[in-house]
Each structure stands twice: as structure tokens, then as C-alpha cells.
Amino acid sequence: MSVSAHLAGEAQRILRDNDTGRFIKPSPKQYPHQWNWDAALIALGLATFDLERARAEVRTLLEGQWKDGMVPHIVYHDGPSDYFPTPDFWRSERSAAAPSVPTSGLTQPPVLATAVRAIVERDPDQGAALTFLREVYGKLLAWHRWFYAARDPEGSGVVALIHPWESGMDNSTRFTGALARLTPTDVPTFRRRDQQHVAADERPVAGDYERFMYLIGLYRDWRWDPEALFERAPFLIRDAFTTAILHRANEDLLELATSLGEPTEEIAGWLARTRAGYSALWDEAAGLYFDLDLRAGAPVREDTCATFLALYAGLASEAQAARLAEHLRDPDAYAPDARTRFYLPSAAKSSPYFEPRRYWRGPVWLNINWFLVQGLRRYGYAALAERVVNDTLSLVARSGFAEYYDPRDGSPCGARDFSWSAALVLELL
Ligand code: 9WN
């Protein structure tokens, strides 16, 4: 059997093993509920071999959609487990917009419309594909509308996060400054459960967790009301990463609208708004995109993998793309050298905060590699894209489908048999 056939078989097995019957868990033990961008990435992978299962994953995630359009970051279909926070920590029911199934009160990067487009386009039965699309289209549109209304009420074109978890890159070095400025008071009592399955030095530090819980405590007291959150959240960052994913998802949504004969003006308006606003994040001297910390009133001058998502979204000019590609080839920043052997460290090696095994502060994540490959191909950097594909496949071949990897030696970190690692390898093969 070829290496590719073996990897594909293993990847499919992991997705099947993590399938609860209703949704696919991100990993066997560490994450027993349905997560938002995990479900979208998993659906993309499923769409390579089981379209019906891919459609089911999308439908199940959308069961958690709030009445105001938000698709939450965790859906607790089966109630509490040994994962913390449990539903009673979120108290989503304090919002009149919450659905009947318990959920978190935050959202996550909106990859879903991109996955739906792949599911629709790959279906040889276009009649069935359009029936599915009609079922979910309005829900995707409502979610994107919510993003612009709730997280960009000022119309800047760049959506803001109220919690690091919304980025999916929880303890990224780009949040270190904003988290350090918080003074957690009246933190609800909590006990971390994440270190029961994963080594403590591969997880966020105690100070970060305390701040994650402090923010949740505040927001549930404000009944998860989007207006209050945008006005009062002590953590409010206009995020280059989520905005790039949203922009790309809007390109896909526009295509889907066209195939249904639905109006496209509103989506075209969002695309124009983000295209205009995103350029304000570019720092010409650094040659990088930086988030904007609205509470500090200053750019977040941290060099992380988030900067490359502008390629995935087509938001960079040719000249900006060339600067980003140059940066990718710089061994002091991201390129493999004596210190690291694999693309793409999640934070630049030059960052004082770089930690090669600690979660989003240095390890390689396969979803980020997948976004990067799409972006490099989009701008014609084929050789660099192939290098990232090769690194991704060698990581998996040597260390299995881990949640993340140490970029120095490729050893596995975090959870094992991780669903999106499996799904995206299927996409890349
Ligand atoms: C909090 C499920 C999720 C991913 C995130 C990743 C991690 C959760 C946690 O796991 O976050 O949402 O408990 O650490 O950071 O990107 O969606 O795989």
C-alpha cells in the first residue's frame, strides 16, 4: 500500500472513531463536544469520501445557532462531561437569543460557508446538493450578518473578538499584551480539567486560564448581550485572522447565493467593506498584518501565523504577498533551519514569547498549514505551497494525527487522533 493510501485510511478511521453518531468529536478524550470551526474543517475532510456524513455535520452544528444568527463555538449536544467549562459555567440560557441546546456564548472563525461550498460543488447529484444548500443557506447568511452587526458595529470592515477563544488560537502570543492588561477580579470559581489528558507544559499557563474564565464570568453577567459586550468588553481586538476567514467565506457564500438565484448585494457589500478596511491592518515597515487592540487603541505588534491568512482570503496586494512570502522564507521568523525543521510555527521564532510546545505559542497546527497552502497557491507560490504540504504529510507520517507538533523535531503534542488533522490530510492528499 502506498504511503498516501495508508494515511488516507488512517485519517478516515480517526473520523469514524471520533464520530458519536450525531457529531464528530475533535479528539477522543480531550474535547467531547462539537466545536464550531472543527466541525467545518471536519466536514471539508468528510466531503472527500462521504458527502452525506459531511452534510450531517453541518446540520448538527447549525442546531446550536442562536436566534440572532451567532453560531456558537461549542455545542453541548449531550450535556455536560469531564470537559470544563460545562454548560452551567456559560449560562447561555441567560440570553433570550440562545437556542434550547446548551452552548458556549462565544463564536469561532466562520469556515462553515467554505465547507458548504465544497460539499455542494463536489456532489455529482446537483439536485440533492441544491436541496441541502437551500436548507442551510439562510443560516449561513444570518451568521455572517451577525458578525458584521455585532462585531463590527462601527463598519470598519474588520471584525472584533471579545475573547481569545473566539480566534481558535487561544493563548496565541498576539493576545499576551491584552491579557496582561486585564486585572481579573471576582473570577468565578473553577477547576481546570484540560490537563488530565494533555501535559501541562503543552497547555495555556494558569494566568491565561484565569483571564479566560474572568471574561466568561463578566459576559454571562451581561447576559451575552452583543451590544453590551462590544461596548464594555475589556478585551476587544479587531482580528486579522477571523476577518480573513470571514472574507473568504463571503466569497464562497456569494457563489452559493448565485447558484440559488438569491440576492448578492448584501454579501458584495461585506466584501467591499472588508477589502477597504483590511488594508489598515498592514504595517509597511514590518511587512506584516497586525490586529488592532481597540481597548489599547494600538496595533498588536506580534508576529504570528495569523498574518498569512490575508493570502487565503485574497486580501493582500501582489506586493504585500511578496513581502509575506519573503517573511516565510526567513529562518529567523518561520523558515526551517537548525532550530526548527517544519512549517509553519504558529508564532515567529524571533518572538520573545515563542514556546515550541505550548499550544498556540509556537507549535505547528495542520489547519494553519492548510490555510497557508490555499493562500500560497492562490498567489502562485506553488513551490512554497508544496513545501508546506510535504512538511504536513511528513509530520503525520512520523508522529500520527496529533493536535499540534513541536516544530523542532516534529514530535506530537496535545491530543492524539485529532479530527481536523485527519480531515485536512484527506483534503491535501
Ligand atoms: C477552547 C477544539 C478546540 C479548538 C480550538 C483550540 C481548543 C478549546 C480548549 O480546542 O480550544 O475552545 O479547551 O482549549 O484552541 O482552536 O477549536 O479542538
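Student: What makes a residue a contact of alanine 160, and which residues qualify beyond its neighbours in sequence?
Tutor: Contact means heavy atoms within 4.5 Å. Leaving aside neighbours within four places in sequence, alanine 160 is in contact with Arg151, Glu166, Phe230, Leu236, Ile237, Arg238, Asp239 and Leu294. This is a predicted model: local features need pLDDT of at least 70, side-chain atom pairs count only at pLDDT 80 or more, and totals for chains, interfaces and linings use all residues. Residues are numbered from 1 along each chain as its sequence is written, and side-chain values use heavy atoms, with hydrogens and water left out.

Student: Why is alanine 160 called buried?
Tutor: Buried means under 20% relative accessible area, exposed over 50%, partly exposed in between (1.4 Å probe, protein chains only). Alanine 160 has 1%, so it is buried. The residue is found in strand S3 (residues 160-161). Helices (H or I, at least four residues) and strands (E, at least two) are DSSP runs, numbered from the N terminus.

Student: Is aspartate 239 buried or exposed, and what does it touch?
Tutor: Its relative accessibility is 0%, so aspartate 239 counts as buried. It is found in the loop between strand S4 (237-238) and helix H10 (240-260). Not counting residues up to four places away in sequence, aspartate 239 touches Val158, Val159, Ala160, Leu161, Ser167, Arg174 and Asp291.

Student: What is the accessibility class of alanine 280, and how do you know?
Tutor: Its relative accessible area is 66%, so alanine 280 is exposed. It is found in the loop between helix H11 (265-278) and strand S5 (282-283). Its C-alpha atom is separated by 9.1 Å from that of phenylalanine 290, ten residues apart along the chain.

Student: Why is the pair of phenylalanine 84 and phenylalanine 190 called stacked?
Tutor: The centres are 5.9 Å apart and the planes are at 15 degrees, so this pair is stacked. It links distant parts of the chain, 106 residues apart. Phenylalanine 84 is in the loop between strand S2 (74-75) and helix H4 (87-90), phenylalanine 190 in the loop between helix H7 (176-180) and helix H8 (206-221). Phenylalanine 84 is buried at 10%; phenylalanine 190, at 26%, is partly exposed.

Student: How do you know which type the pair of tryptophan 365 and tyrosine 404 belongs to?
Tutor: It has 4.6 Å centre to centre and 20 degrees between the planes: stacked. Tryptophan 365 is in the loop between helix H13 (318-328) and helix H14 (366-378), while tyrosine 404 is in strand S9 (residues 404-405), 39 residues apart. Both residues are buried.

Student: What makes arginine 192 a charge over the ring of tyrosine 209?
Tutor: A charge sits over a ring if NZ of Lys or CZ of Arg is within 6 Å of the ring centre and within 35 degrees of the ring normal. Arginine 192 lies over the face of tyrosine 209, at 3.8 Å from the ring centre. The charged end of arginine 220 sits over phenylalanine 89, 4.9 Å from the centre of that ring.

Notes
Phe/Tyr/Trp six-rings, centres within 6.5 Å; stacked < 30°, edge-to-face > 60°.
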